[in-house]
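Here's a friendly walk through one protein model. Have a look at the sequence and the 3D view, and then we'll go through the parts one at a time.

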Amino acid sequence: MATALTRSGWAVTTCGQGRDVLPPAAPCPALILLDLRVAGPGALDTIAAIRRSPLPAGSIPVVALTTTRPTGLSVLTAHGFDGVLPRPATPDDLARLSADWHPGEENRSLDRLADSFGAAQIASMAARLRDLFATAVVAIDRGEVRDLAHRIAGVAGTLGFARVGQAWRALSDADGGDAAVQAAARREARRAIALIDRRLAPENGALPST
């Protein structure tokens, strides 16, 4: 798995126990893949500790590797996870994971905006955008996305977060009712939140890592 992710452009660090996953202050990984079989009973303690960590570590996307495939997102997201990768993971699964969670091109969009308007102005804008995306995630978890989807799509697209904009436009077109579209919209908002948090903590660097 580490080899497959490395070939997809990630820098990969492996850990033998759940507690070893807890991220250091810097550099901060862009994704954590937590094997529930390895982490065992301590998996929920591990994810809780990650979510209690100061930003940007506290907002790192965490995907559960497990043989159990829960219906919908509610089972694991309630504990702070962001997705599930089935065990055993195939090369296609890992390619999808890489595409889904790679930090993407948004940093370049923020760089271009910073060149035009100044770094301080863009940092303030990014912080407000982060708050909007966080509100969007909560809205999905509560099933209250219909009135928010179109707004998120417009703002995200305008500010260079094309993937978020596309996912939330699809959610708006689906009138908030399609589970797969909701899952994609939630994932894109969470990915963007983590990217912004890393952006506001420049010591963490730009290379995606797991």
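## Starting with the cysteines

Is Cys-15 buried, partly exposed or exposed? With a relative accessibility of 37%, Cys-15 counts as partly exposed; here buried means under 20% relative accessible area, exposed means over 50%, and partly exposed is in between (1.4 Å probe, protein chains only). Cys-28 counts as buried because its relative accessibility is 2%. As for disulfides (pairs of cysteine sulfur atoms within 2.5 Å), the structure holds zero.

A quick note on what you're looking at: this is a predicted model, in which local features need pLDDT of at least 70 and side-chain atom pairs count only at pLDDT 80 or more, while totals for chains, interfaces and linings use all residues. Residues are numbered from 1 along each chain as its sequence is written, and side-chain values use heavy atoms, with hydrogens and water left out.

## The sheet

Three strands make up an open sheet, in the order 1-2-3, and the pairing is parallel. Strands (E, at least two residues) and helices (H or I, at least four) are DSSP runs numbered from the N terminus, and two strands pair if DSSP finds at least two bridges between them. Strand 1 (32–35) and strand 3 (83–86) are at the edges with a single partner strand each, so one side of each has no neighbour in the sheet. From one strand to the next, the twist averages 30°.

Strand 1 and strand 2 (residues 62–66) pair over four bridges, and Ile-32 sits opposite Val-62 in strand 2. Packed on the sheet is helix 5 (residues 91–101), which touches strand 1, strand 2 and strand 3. The direction of helix 5 makes about 160° with that of strand 3 (axes are lines fitted to C-alpha atoms, for helices over the stretch in contact, and angles run from 0 to 180 degrees between N-to-C directions).

## The largest nonpolar core

A nonpolar core is a set of buried Ala, Val, Leu, Ile, Met, Phe, Trp, Tyr and Cys residues joined through side-chain atoms within 4.5 Å. The largest one has 30 residues, and Phe-133, Ile-152, Phe-161, Val-164 and Trp-168 touch the most other members. Helix 6 (106–117), helix 7 (119–142), helix 8 (149–158), helix 9 (162–173) and helix 10 (179–199) each supply at least two residues of this core. Helix 7 gives the largest share, 10 residues. Apart from this core lies another, of 12 residues, including Leu-34 and Leu-76.

Which residues does Trp-168 touch? Leaving out residues up to four places away in sequence, the list includes Ala-136, Ile-140, Ile-152 and Ala-189; contact means heavy atoms within 4.5 Å.

The 24 residues of helix 7 should span 34 Å at 1.5 Å a residue, and its end C-alpha atoms are 35 Å apart, which agrees. That expected span is 1.5 Å times one less than the number of residues. Its buried residues, among them Met-125, Arg-130 and Phe-133, pack against helix 6, helix 8, helix 9 and helix 10. Just after helix 7, Gly-143 takes a positive phi of about 70°.

Arg-190 lies in helix 10 and is buried, with a relative accessible area of 8%. Beyond residues up to four places away in sequence, Arg-190 touches residues including Arg-51, Asp-82, Trp-101 and Val-137.

Asp-175 lies in the loop between helix 9 and helix 10 and is partly exposed, at 44% relative accessible area. Asp-175 and Arg-146 are 29 residues apart in sequence but 5.8 Å apart in space, C-alpha to C-alpha.
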